[in-house]
Amino acid sequence: MPRRRRTVAQHARLRSPHPLGQLATLIAVAAVVAVVSAIGVASYTAYDLTSEFVDEAVAVENQPPVPPDLGRLEGGVNMMVVGIDACEENLIALFGERCEGPDSEGRLNDVNILVHISDAPRKVTVVSFPRDLMFEAPACDTSDGGRFDGGYLQINELYTYGGLSCVITAISDMSGQQIQFGAMVTFGGVIEITNAIGGVEICLASDMRDENTGIDWAAGPRTIQGVEALQFLRTRYGVGGSDLARVSNQQQYMSRLARKLVSEEVLSNPATLFRLASTGLRNVTPTQSLTNPLTLVQVAQAVKDVPFEDIVFVQYPTVTASSDANRVAPDWDAAEVLWDALAANQAIEITGDVAVNGGTVVADPTPSPEESATGETPPAEEVEPGTVDPSTGAVALPPSISGSSAAQQTCSAGVVN
């Protein structure tokens, strides 16, 4: 591969929190965070609420076996988290045309996140797949006991054809990763869980307006919960109109959600923890492999000491789809570098700009010692994608893979619309 210039971005840094802190970021979206953190911390206090959680669990074809002890697993595990834009009665007005006409009964998997938990030394990598991704989906069992033949489609159609099992089967096929666990949450569920923790503070670098989601917010910090949390997670035109920019914006929410969940405001408040547990259990549909409370506790233990800098959010790399200039297709070569690094349990380094898709900007970057002394940014270093950067010991990802770590603070770029 040709050598590329590595942009050494400067970022605001946060001190890693106390044990159980990174548990929050593990699952990446509020719903699954609630399930794992609440059961991991509060143990069986919400046991009376788990029967419905278990009854609704989804069977996944060819589900790989779950290691009996996650504390000693070899090779790591993967969890698929899917967010569904179901036309729930109390939210229909927010979805507009999406919930009108013959397609209103469909459920689109608009948020698709693969969470990789590595073997020791533990690291967590959260991979977001754009909803506009076109690819050849494999055949899969459907939720009604039938069979979907597969074919070339947009990724967010998978849930309509076959439910959570089909989404997991397709992402496993695309990535070459075994996926041991999965969970689905509706956008309405995200609202309930965000409410349970008292909201999440996000950051707007400039005013944000989006007629499609009803956003008209001024620049600056803003605590969002309820409907506002849903508006923020769904906005695309509020960050420039690109689905890739929307993914960056959602990753800002994930990172800030993690910091809220590890704060004393949540972890040291038994009432909040119980509310989080009960709300999560009511709003998450898991795979059958994720219904054992002991498994959830073991997942929590597996990641409880992972520092923020080793929890990395990345966007699955894409190129423009040949079939439609407004859609994207997999960048197989770039993705292979990521999957190989995860398989080898190597740390990864994002070499591109955190804000490459225009959805976010770096918040209050802390200058490096060299910048402080000279007032200038040091020259970019050269590093070949797929090789280990000697200065960090991490595998340098191709610049086409954008993202950030949980130790970095970003703000929504915001676009007046």
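Modeller: The questions below concern the disulfides of this model. This is a predicted model, in which local features need pLDDT of at least 70, side-chain atom pairs count only at pLDDT 80 or more, and totals for chains, interfaces and linings use all residues. Residues are numbered from 1 along each chain as its sequence is written, and side-chain values use heavy atoms, with hydrogens and water left out.

Biologist: How many disulfides does the structure hold?

Modeller: A disulfide is a covalent bond between the sulfur atoms of two cysteines. Here the term is applied to a pair of cysteine sulfur atoms within 2.5 Å. By this criterion, the number of disulfides in the structure is 2.

Biologist: How many residues apart are C140 and C166?

Modeller: C140 and C166 form a disulfide, with their sulfur atoms 1.7 Å apart. C140 lies in strand β6 (residues 140-141) and C166 in helix α5 (residues 158-175); helices (H or I, at least four residues) and strands (E, at least two) are DSSP runs, numbered from the N terminus. The pair links distant parts of the chain, and the separation is 26 residues.

Biologist: Is C140 buried or exposed?

Modeller: Buried means under 20% relative accessible area, exposed over 50%, and partly exposed in between (1.4 Å probe, protein chains only). The relative accessibility of C140 is 0%, so C140 counts as buried.

Biologist: Which strand holds C411?

Modeller: C411 is joined to C203 by a disulfide, S to S 1.8 Å. C203 lies in strand β10 (residues 200-204), so the pair ties together parts that are 208 residues apart in sequence. The strand that holds C411, residues 410-412, is β23.
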